[in-house]
Amino acid sequence: MRHKKQKIFYITSLITVVLAVCLGVTCIEVNNSPLLYRVDAPLQDRIVRIRNLIVPQPVSPEVTLVGIDDYTDRKVGQYGKGDWLTRKPFLEQIKYFEKVFQPSVLAYDIIFLEFKSEAMKHKGKIPRKRLLSISENIRNLANGEISEIDNDVLLDVAKLTSEQGNSNLASSLANFVIDDSNATETILAFHCAWPDKDSPYAPEEWPIESMLGTDPDDLVEDNGTEYPYLRDISIPLRYVNDLPADYRFSTTATIPANILLDSGKIAFINVPRDEGGVVRRVPLVHGMEFNYTHPRTGEKIRRRFFVPSISLLSCLFHWGVDLPAMHMNGEFEIDGEPVIEVFWGEKIKIRKGSGEILEVPIDDNGSFLLDFVGRVEDFNTVSFADVGPFRAYEQATEILYNKIAMVGITSTGASDVGPCPVDDNTPFVHVHVVATSNLLTGTFIRALARKYELAILSLLALAMLPAAILFRPVKFSYYTGLILTSYLTLVFYFVLTHQYFFPIAGPLIFFLGSYFIVIIYDYLAEEKEKRKIRGMFSTMVSGDVLNFLEENPDSFSLAGQRVEATMFFSDVAGFTSISEALTPEKLVELLNKYLSPMTEIIMASNGFVDKYEGDAIMAEWGVPYPNPDHAKLACWAALDQQKLIKELSPGFKEEFGVDVTARMGLNSGSVVAGNMGSDKHFSYTVMGDPVNQAARFEPANKDYDTEIMIGESTYELARDHIESRLLDKIVVKGKTVPIQIYELIAKKGEISEDRRKIRDLYEDGLRRHWERDWEGALGCFKKALAIDSHDGASLTLIKRVEGYQITEPPEGWCGEYVRTSKD
């Protein structure tokens with residue numbers, strides 16, 4: 001019990017230490033990100049890839065990627081050069097979107113910028129004087145009056161080309177109407193300058209024209225060249241709840257060319273990467289801050305609101321939620337409930353045009369954890385060159401009509417690419433398509449909050465602790481493997497069902513740490529236990545049994561337990577006379593030469609040598625670990641000892657001058673086995689009535705001149721393996737119920753014919769004796785003596801029966817013999 005308590009204490013302490021370490025590591029953050037996230041995230045990516053391979057994923061058919069891909073580069077030209085500078089490919093395509101494909105939303109993951117160059121001597125639109133200069137230079141070049149155009153003029157030509165391309169694109173987009181009642185919503189991209197949380201907060205002021213316009217007589221925010229377009233698609237700050245006090249707003253942005261802003265709505269396309277450079281999240285909303293000084297009053301003015309991402313705004317329009325119209329009407333609520341409301345670090349609550357409520361989970365950065373349900377090719381995808389005049393594509397209408405069409409660059413060599421969980425190099429427009437698909441299908445996977453990660457580790461500790469205490473290393477290894485496999489299966493299940501990303505690194509560290517620490521502890525404790533067992537039993541059991549006990553200490557108990565066993569007692573006949581005839585040195589030498597081979601036989605038959613008392617041996621079979629054949633093994637060992645004694649006896653006579661014979665008693669039954677003694681000195685032994693009876697059977701051999709006497713219980717257990725003779729019924733001292741005793745003669749099938757006849761005659765005479773047929777009993781015993789005149793049992797019973805012929809037994813006599821010799 002003391003050792004059990006020690007193990008409970010040490011194992012509990014060790015696992016608690018491992019748990020504390022894992023909890024601590026789980027809470028460590030580096031660069032505002034959990035340390036273990038760097039391990040968890042790649043493992044979770046692998047699970048997502050496996051999931052996508054084996055199970056069809058919920059990819060929304062309501063969004064289609066129109067990719068400016070390698071095929072488009074071959075058909076139209078490399079993006080960013082040639083016709084792309086004039087926006088011609090977009091212009092030619094827009095009318096097909098208007099007349100043929102008719103998407104509900106046309107979103108460009110492309111920022112259409114104004115042409116800018118530091119070398120240009122003027123800013124803004126090209127003045128008339130410079131336009132005349134361009135015209136003159138081109139005419140002179142055509143007439144051969146000059147061989148090349150001045151660099152400044154070339155810059156003006158490039159800017160003019162960009163201005164006219166944007167102007168034509170704006171006109172085409174402004175006319176982009178499907179019918180009189182339903183216009184395709186066009187979304188243009190802009191880029192927020194993402195704030196650096198580690199740098200001091202130093203907001204830049206926006207240009208006055210961006211905020212208030214260029215008319216000095218009408219400086220109001222509605223006239224700004226950029227601000228009102230951002231404000232009109234914003235989520236008012238009053239609908240953003242629980243915003244952290246230290247939240248960093250973006251104070252600058254890269255906006256499309258001003259001429260395009262009236263032709264569509266704008267949304268940000270920022271795709272931040274994790275610490276490992278992998279895109280796993282995308283912000284759905286982001287705070288913008290606008291600071292300026294009013295030129296008339298000198299007042300410092302600050303405006304703040306949140307703007308949606310291109311994915312969120314596309315879905316809002318697709319669902320019939322028109323943010324610009326709400327700003328125009330000043331109505332952001334339906335039946336007292338906001339159409340869109342942000343609960344920071346928790347969710348974005350959206351009321352669709354149909355009245356359905358959608359809750360989108362977001363993290364503390366307003367970011368949406370993407371569930372990458374497929375690679376680019378797994379979504380509705382069409383080449384830019386297959387949409388419009390470039391090539392007929394019959395199926396384009398099916399995947400574009402009343403869908404969200406998202407145009408982006410997917411060609412090889414594009415700079416707007418990066419790794420994601422399902423692809424080592426994916427275009428960022430794919431990220432926006434995944435986010436849009438997740439929103440449309442309601443497929444939201446969540447990362448577990450830190451408190452739940454800690455709770456999982458604690459539950460795993462509770463699951464491991466009982467096994468670590470109760471199981472031996474092999475079983476504990478199987479159990480650990482089972483728990484680990486079950487946990488990983490659970491992890492995969494929650495990813496498979498698009499619910500949660502469970503932590504992996506922390507539990508793995510805990511599993512491996514706990515496993516190895518427990519195994520090391522068990523190894524050291526087991527080695528200590530082995531040394532203890534070897535010290536206790538090395539001289540008492542065979543090497544095989546000792547090895548078994550060392551490897552299976554749970555197969556027996558030192559604390560005391562009830563077991564079925566066979567007890568053996570032996571004693572050298574006439575040892576007192578022998579000890580008087582020999583010197584002490586010779587007596588010790590004789591005993592050693594006698595006890596050593598007897599012990600070897602006992603140990604070789606899986607017996608346990610309990611103790612020596614001078615010439616006497618006490619041994620047991622069935623302890624210290626259970627053995628169902630304990631009775632058979634004990635009987636055979638006794639027979640082997642008697643056989644060996646007869647072989648050794650002539651040598652003993654010659655060397656020591658004494659005759660050595662031994663009497664043996666065996667009995668089987670339920671006994672208590674365990675360590676017994678004081679705190680300072682104890683030994684493993686057995687006790688109980690079967691032990692006492694076996695001890696009394698050994699001296700009882702003298703009454704029948706037999707060598708081995710066994711009890712009825714031993715006979716019943718070993719009868720199929722031994723030859724025996726029913727000797728008598730006796731009442732042992734201290735008992736009132738008679739028991740049958742047997743003489744053990746030989747192993748099964750090894751009895752001689754004479755011995756068989758003697759046994760049969762004796763047992764017949766014994767039954768006659770019990771029936772008071774004195775003459776018949778005497779006749780049987782005498783016939784037995786005629787075969788072997790030295791048969792001691794027959795001589796004993798003849799003497800007893802002859803005594804009964806003279807004096808009748810007392811009333812109530814049942815034929816039993818009361819043993820009166822000393823126990």
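## Surface and overall build

The chain exposes about 39300 Å², and carbon and sulfur atoms supply 53% of that area. The model is a predicted one. Of the chain's 823 residues, 51% count as buried.

The chain has 24 helices and 32 strands. Take the contacts between residues at least 6 apart in sequence: 72% of them join residues at least 24 apart.

## Cysteines

How many disulfides does the chain have? The count comes to zero. A disulfide is a covalent bond between the sulfur atoms of two cysteines.

C192 has 0% relative accessibility, so it counts as buried. C420 is at 3% relative accessibility and counts as buried.

I50, L53 and I54 form a nonpolar patch on the surface. Together they have about 340 Å² of accessible area. I50 is found in helix α2, which covers residues 37-54. Is I50 buried, exposed or partly exposed? I50 is partly exposed, because its relative accessible area is 44%.

Helix α2 also holds D45. The side chain of D45 meets that of R280 in a salt bridge, at 2.7 Å from N to O. The pair links distant parts of the chain, 235 residues apart. R280 sits in the loop between β8 (265-268) and β9 (281-283). D45 is buried, and R280 is buried too.

Strand β10 covers residues 285-293 and is mostly covered. Eight of its nine residues are buried. Its partner is strand β11, residues 300-308. The two strands run antiparallel, and nine bridges join them.

Which residue in the turn has a positive phi? The residue is G298, with a phi of about 75°. The turn belongs to the hairpin formed by β10 and β11, with six residues between the strands.

## Two loop residues with positive phi

Most residues other than glycine have a negative phi. N606 is not a glycine, yet its phi is positive, at about 65°. N606 has its place in the loop between α18 (584-604) and β25 (608-613). At 27% relative accessibility, N606 counts as partly exposed.

D705 also has a positive phi, near 50°, and is a residue other than glycine. D705 lies in the loop between α20 (689-704) and β29 (708-711). Is D705 buried or exposed? D705 is exposed, because its relative accessible area is 56%.

## A buried lysine

K747 lies in strand β31, residues 739-747. Its relative accessible area is 18%, so K747 counts as buried. The cut-off for buried is under 20%.

Which residues does K747 touch, leaving out those up to four places away in sequence? The contacts are W636, L639, D640, H721, I722 and E723.

## Salt bridges

By the counting rule, the chain has 37 salt bridges. One of them joins D788 and R755, with the closest N and O atoms 4.0 Å apart. D788 lies in the loop between α23 (774-787) and α24 (792-806), and R755 lies in helix α22 (residues 753-770), so the pair ties together parts that are 33 residues apart in sequence. D788 is partly exposed, with a relative accessible area of 25%. R755 is partly exposed as well, at 22%.

This pair is part of a wider set. R725, E743, R755, D788 and D791 are linked in a network of salt bridges. Another salt bridge joins R768 and D773, with the closest N and O atoms 3.1 Å apart. R768 is partly exposed, with a relative accessible area of 30%. D773 counts as partly exposed at 29% relative accessibility.

Methods: Residues are numbered from 1 along each chain as its sequence is written. This is a predicted model: local features need pLDDT of at least 70, side-chain atom pairs count only at pLDDT 80 or more; totals for chains, interfaces and linings use all residues. Side-chain values use heavy atoms; hydrogens and water are left out. Helices (H or I, at least four residues) and strands (E, at least two) are DSSP runs, numbered from the N terminus. Buried means under 20% relative accessible area, exposed over 50%, partly exposed in between (1.4 Å probe, protein chains only). Contact means heavy atoms within 4.5 Å. Accessible areas come from the Shrake-Rupley method with a 1.4 Å probe; for residues, only the protein chains shown count as cover. A disulfide is a pair of cysteine sulfur atoms within 2.5 Å. Patches are made of residues with over 30% relative accessible area and no salt bridge: like charges are joined within 9 Å, nonpolar side chains (Val, Leu, Ile, Met, Phe, Trp, Tyr) within 5 Å. Two strands pair if DSSP finds at least two bridges between them.
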